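This report describes a helix crossing, a nonpolar core and a domain contact in turn.

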Amino acid sequence: MRQLFSEPPFRSSASGPPTGGVEAIADAALAAIRTRGTYRHMRVLDGMQAPSMRVDGRDVLLFAGSNYLDLAAHPELADAAARAARDWGCAAGGSRLINGNLSLHEQLEAELANFLGVESALVFPTGYQANVGVIPALVGPGDAVVSDALVHASIIDGCRLSRAAVHVFEHGSVEALEARLADVAPQHRRTLLVLDGVYSMDGDVAPLPAMLAAARRHGALVLLDDAHGIGCLGAGGRGSAEALGVELRDVDVLVGTLGKALGSFGAFVAGPAGLRELLVNTARSFVFSCALAPPQVAAAQAALTLLAREPWRRVRLQANAARLRAALAARGIATAPSRTHIIPVRIGDNDRTMTVAEKLLARGFYAQGIRHPSVPDGTARLRLTVMATHEDAQIDALAVAVAEELGAAEARP
Ligand SMILES: Cc1ncc(COP(=O)(O)O)c(C=O)c1O
């Protein structure tokens, strides 16, 4: 099984420490990255995140990113953020435990807990920090983590920091999970199962009810990272658990982000009241980091209001996703295993993937090419994401362009 867990992402293959200062270190590492075909550069976008925007100086349709509900530039979020900047300032001015714990943070956390139907929530500056904070707070040396093979990098890093023994099972397989748990749980003091709700590079949904049942059978705790499900799935926008009929209070630990569908920035960990207290006291990425800035908190609060008032956004999002999957399928392009708004078109080869992405950009479609280490080696792909506000004609035009460019890429020797 190819695992994202197995390799450190950016390391020169040269043995021994490079000498000669930072430039020499960078040259050696970047040469190795170029040889692997995984060199990255950042595109420059202008203007507000929206279905159409300027990328590298060109007007294009945006089919990349995680602003799924098109809330990032919503006037109600912008107004809430501007008011908060005026009334509370642009920064919390310190960590929550020193001087940065504003009543605004506590309000947002109560609103999140209420929305999710759980006892408590704690806001973190990012989802990355949430995962690297919560996992070591729950498990350590002598404990075990049982992890799906395709969990997000921040979960992998949280596992590494925890120093618990990590056991990886085949992505999405309940049978493989069951076998791992039977093996691992009896040998450890405590076992934590870690899963994504919606897998960020494949768009498939974890079989949560069966996995939860397996965890319960073996006495394991469950951490669900639903960064890409919250706001997008479930009748009330509570994510993949709600969509699958699972009560969030039956999941031990939920991680969600505020910077994707919710159009703001930051993240949260939600669960029983004791979890919040434990994190406040032990999660290093919470304790030793500045609190979320007031404009971001207020924008997230405005997003929660919109989630409740405008269910059409998540309905349209999934309708748009279904339309794109169908339009690609009609042209012979597989998008399995996606069932959501994240739609992978697997190409395999790194260079071909980036060439197709480049050609699409030249035609006015920004679709991000994704390579290792974001996905397992040899599975490079276009990661297409739709938004609730894409129009049918825009989606259809993308499918035509992808099919033509893939055909063109096939035809090349
Ligand atoms: C599943 C998952 N968890 C966590 C994160 C990290 O969230 P943040 O961008 O807020 O650090 C991401 C970000 O892409 C993600 O996809």
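## Helix crossing, core and domains

Helices α2 and α12 cross in a right-handed manner, that is, with the near helix turned clockwise from the far one by less than a right angle. The model is predicted: local features require pLDDT of at least 70 and side-chain atom pairs pLDDT 80 or more, while totals for chains, interfaces and linings use all residues. Residue numbers start from 1 along each chain as its sequence is written.

The axes of the two helices come within 7 Å and cross at roughly 145°. Axes are lines fitted to C-alpha atoms over the stretch in contact, with angles from 0 to 180 degrees between N-to-C directions; helices are DSSP runs (H or I, at least four residues), as are strands (E, at least two).

Residues in contact have backbone-placed C-beta atoms within 7 Å. Among those of α2 that meet α12 are Leu77, Ala81 and Trp88.

The largest nonpolar core has 128 residues. Such a core joins buried Ala, Val, Leu, Ile, Met, Phe, Trp, Tyr and Cys residues through C-beta atoms within 7 Å, buried meaning 20 or more other C-beta atoms within 10 Å. Its largest share, seven residues, comes from α12. Phe268 is one of the residues with the most contacts inside this core.

The chain is divided into two domains, with bounds from an automatic or database assignment.

The C-alpha centres of domain 1 and domain 2 lie 27 Å apart.

Terms used. Contact = placed C-beta atoms within 7 Å. Buried ≥ 20, exposed ≤ 12 C-beta atoms within 10 Å, placed from the backbone.
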